[in-house]
Amino acid sequence: MNWQALLKSEQQQDYFQSMLAAIAKQRAQGIEIFPPDEEIYTALKLTPFDDVKVVILGQDPYHGPGQAHGLSFSVKQGVKVPPSLANMYKELQSDIDGFSIPAHGDLTRWAQQGVLLLNTVLTVQQGNAHSHAKLGWEKYTDAIIAKINEYQSNVVFVLWGAHAQKKGRFIDTHKHLVLTSAHPSPLSSYRGFFGCRHFSKINHYLVSNKLKPIDWQIIDQQPSLF
C-alpha cells in the first residue's frame with residue numbers, strides 16, 4: 001500500500017479542497033505560511049506507509065521563520081534546536097546507552113527508519129501558533145492515523161500531552177503499542193516526560209515483534225546549538 005492510494009479519496013473531499021484553497025488565498029494575500037508548500041507532506045514522503053514502525057505525534061508546525069519543514073519536532077540543520085526537542089535529546093541521553101546530543105535538530109534520519117513524525121495540523125501562519133487549527137487538517141490527519149491503525153500491526157504510537165492523547169484515543173491497543181506521557185515542552189516535561197524511557201520501550205517492542213529497532217543517534221558530533 002502507499003499513501004497516495006490510501007488518502008486519494010480523502011484529498012478529493014470538499015473539506016480538503018476548501019482548506020487548500022483557503023491556504024492558497026492566504027499566501028496570495030502575502031501572509032507567510034509555514035512550512036513551504038513543497039514541504040507540507042515531508043513526513044509522508046520520507047516514511048512510506050509500509051515502512052511505518054513508530055508514530056510520534058506533534059501538534060502544529062513551528063511558526064518561526066525557517067523552522068518548520070514538515071516533520072513534527074524537527075528543524076533543519078542550522079536552525080536553533082527548539083526547547084521541546086532539546087528535552088527529547090536529554091531524555092534520549094539518559095535512556096539510550098551511547099546517545100550523544102547532536103548539534104542540530106533535523107530528525108530526517110528517524111523518518112527514514114520508519115518513524116512517522118506527524119503533526120496534527122500541517123500548516124501555520126508565521127508567528128501565530130494554532131492559526132490553522134480547525135481549518136481541516138485535523139480530519140485529514142485523523143484519516144492518516146486511522147489507516148495505520150486499520151492496515152498495519154505492531155506500530156508504536158507515541159502520544160505526549162493531552163492533545164496527542166485525545167487524538168489517539170481510537171487506536172486499537174490489541175494491535176499496537178500506545179505510549180503516553182506529559183509533553184516534552186519546558187512547561188510540562190518535569191511532570192512525567194523525563195524518565196518515561198519511551199525511546200528504549202519503542203525499541204524493546206519492535207525487537208519483541210521481530211522488527212528492526214530504531215537507531216536514535218543523529219550523526220553529528222559538533223558543538224550543540226542550544
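Buried means under 20% relative accessible area, with exposed over 50% and partly exposed in between (1.4 Å probe, protein chains only). An α-helix has 3.6 residues a turn, so residues three or four places apart point the same way.

This is a predicted model, where local features need pLDDT of at least 70 and side-chain atom pairs count only at pLDDT 80 or more, while totals for chains, interfaces and linings use all residues. Residues are numbered from 1 along each chain as its sequence is written, and side-chain values use heavy atoms, leaving out hydrogens and water. Helices (H or I, at least four residues) and strands (E, at least two) are DSSP runs, numbered from the N terminus.

Now take two helix pairs. Axes are lines fitted to C-alpha atoms, for helices over the stretch in contact, and angles run from 0 to 180 degrees between N-to-C directions.

| Pair | Angle | Axes apart |
|---|---|---|
| H4 and H8 | about 60 degrees | 8 Å |
| H2 (residues 14-28) and H6 (residues 137-151) | about 130 degrees | 9 Å |

H4 is therefore oblique to H8. Angles under 35 degrees count as roughly parallel, over 145 as roughly antiparallel, 65 to 115 as roughly perpendicular and the rest as oblique. Met88, Glu91, Leu92 and Asp95 of H4 make the contact with His198, Phe199 and Ser200 of H8. Contact means heavy atoms within 4.5 Å. The residues of this contact of H4 with H8 are 3 nonpolar, 2 polar and 2 charged. Ala, Val, Leu, Ile, Met, Phe, Trp, Tyr, Cys and Pro count as nonpolar, Asp, Glu, Lys and Arg as charged, and the others, Gly among them, as polar.

H2 and H6 are therefore oblique to each other too. In H2, Tyr15, Phe16, Met19, Leu20 and Ile23 meet Trp137, Lys139 and Tyr140 in H6. The contact of H2 with H6 has 7 nonpolar residues, no polar ones and 1 charged.

Histidine 69 lies in the loop between E2 and H4. Is histidine 69 buried or exposed? Histidine 69 is buried, at a relative accessible area of 5%.
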